Amino acid sequence: MGFFTDTSVCIGCKACEVACKEWNAVPEDGLDFTGMSMDNTVGLGADTWRHVAFIEQRRPAGEMRWLMSSDVCKHCTHAACLDVCPTGALFRTEFDTVVVQEDICNGCGYCIPACPYGVIDQRKEDGRAWKCTLCYDRLGDGMEPACAKACPTDSIQFGPLDELRERADARLADLLDDGVDEARLYGRDPDDGVGGDGAFFLLLDEPEVYGLPPDPVVTTRDLPSMWRHVGLAALGLVGGAVAAFLGRGARR
């Protein structure tokens, strides 16, 4: 199960942010005017599991364009956060989503730099890691996530990933036929660097414009080869020490 977010119909109402906070009892994270845009939550964090970005662009002809996109944890197929968690606090659910168990998290923070999207964050009050659970408790009761339920334009769509990908392909084809040449899908490809995202997007500009990495890669992909090199180096050191010891004994 997962999310398809069609940013072309997002109106920036932030109903998804509010619904996420209300259902998951996520603390208030400040309502200060940043001076950067009309968006006052800035980005994802321990206290912002859904974030609607407001991107203001001045077009070549001089007119302004606003791009709006509701961002969230991507629930990667190959999730580096799972690879590095030493306590099992992060686990993959029966819905193929990735969840943090806050009662098991020890606050080590290893998952934070491991995430290629910079999604996971620690809460200052207790040091534990927090992020979107895709409303795991609601899914268990056959309900859709709170953010998708609250979205008035169906910008956030929830369902089986295979169905969502078909729907996204059709929507992209319609936009391209209508001359929206900048439209593209992001995180839809199961063959990308993270094995495809459980939460993917239709964007109207380059991923970098939305603060997304253009070619995300699971950050732990090189761990096996790194450990092999460490093992070989350790064996070399041990072999050198044994040879030196034997050589010194022979000289005696």
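This report walks through helices, charges, rings and cysteines in a predicted model.

## How to read the model

Residue numbers start from 1 along each chain as its sequence is written, and side-chain values use heavy atoms, with hydrogens and water left out. Because the model is predicted, local features need pLDDT of at least 70 and side-chain atom pairs count only at pLDDT 80 or more, while totals for chains, interfaces and linings use all residues.

Let us begin with helix H1, which covers residues 15-24. Helices (H or I, at least four residues) and strands (E, at least two) are DSSP runs, numbered from the N terminus. The buried residues of H1 are Cys16, Glu17, Ala19, Cys20, Lys21 and Asn24. Here, buried means under 20% relative accessible area, exposed means over 50%, and partly exposed is in between (1.4 Å probe, protein chains only).

What do these buried residues pack against? Their partners are strand E2 (51-58), strand E3 (64-71), helix H5 (146-150) and strand E8 (156-159). Just after H1, Ala25 takes a positive phi of about 55°.

## Salt bridges

A search of the whole structure finds 10 salt bridges, each being a side-chain nitrogen of Lys or Arg within 4 Å of a carboxyl oxygen of Asp or Glu. One of them involves H1 residue Glu17, which pairs with Lys14 at 2.7 Å between the closest N and O atoms. Lys14 and Glu17 are both buried.

Another salt bridge joins Asp47 and Arg123, with the closest N and O atoms 2.8 Å apart. This pair links distant parts of the chain, 76 residues apart: Asp47 is in the loop between H1 and E2, and Arg123 is in the loop between strand E6 (121-122) and strand E7 (129-130). Asp47 is buried, with a relative accessible area of 17%, and Arg123 is buried at 11%.

Helix H6 (residues 161-177) holds both Arg165 and Asp162, which are 3 residues apart, about one turn of the helix. An α-helix has 3.6 residues a turn, so residues three or four places apart point the same way. The side chains of Arg165 and Asp162 meet in a salt bridge, at 3.9 Å from N to O. Arg165 counts as buried because its relative accessibility is 12%, whereas Asp162 counts as exposed because its value is 55%.

## A buried arginine without a salt bridge

Now for a contrasting case: Arg138, in helix H4 (residues 136-140), is buried yet has no salt bridge. Where is the nearest side chain of opposite charge to Arg138? That side chain belongs to Asp137, 6.2 Å away; for charge, Lys and Arg count as positive and Asp and Glu as negative, with His and the chain ends not counted.

Leaving out residues up to four places away in sequence, Arg138 touches Trp23, Met143, Glu144, Pro145, Ala146 and Lys149. Contact means heavy atoms within 4.5 Å.

## Aromatic rings

The structure holds 6 aromatic pairs. Rings of Phe, Tyr and Trp (its six-membered ring) pair if their centres lie within 6.5 Å; planes under 30 degrees apart count as stacked, over 60 as edge-to-face and the rest as tilted. Phe95 and Tyr136 are edge-to-face because their ring centres are 6.1 Å apart and their planes are at 75°. Tyr136 is partly exposed, with a relative accessible area of 26%. Ring pairs link Phe91, Phe95 and Tyr136 into a cluster.

Charges also sit over rings, a term that applies if NZ of Lys or CZ of Arg is within 6 Å of the ring centre and within 35 degrees of the ring normal. Arg50 lies over the face of Phe3, 4.7 Å from the ring centre. Arg123, the salt-bridge partner of Asp47, lies over the face of Trp130 at 3.9 Å from the ring centre.

## Cysteines and Gly107

The count of disulfides (pairs of cysteine sulfur atoms within 2.5 Å) comes to 0. Cys73 is buried at 8% relative accessible area, and Cys105 is buried at 16%.

Gly107 is in the loop between strand E5 (98-100) and helix H3 (111-114), and is partly exposed at 25% relative accessibility. Beyond its neighbours within four places in sequence, Gly107 is in contact with Gln122, Gly127 and Arg128.
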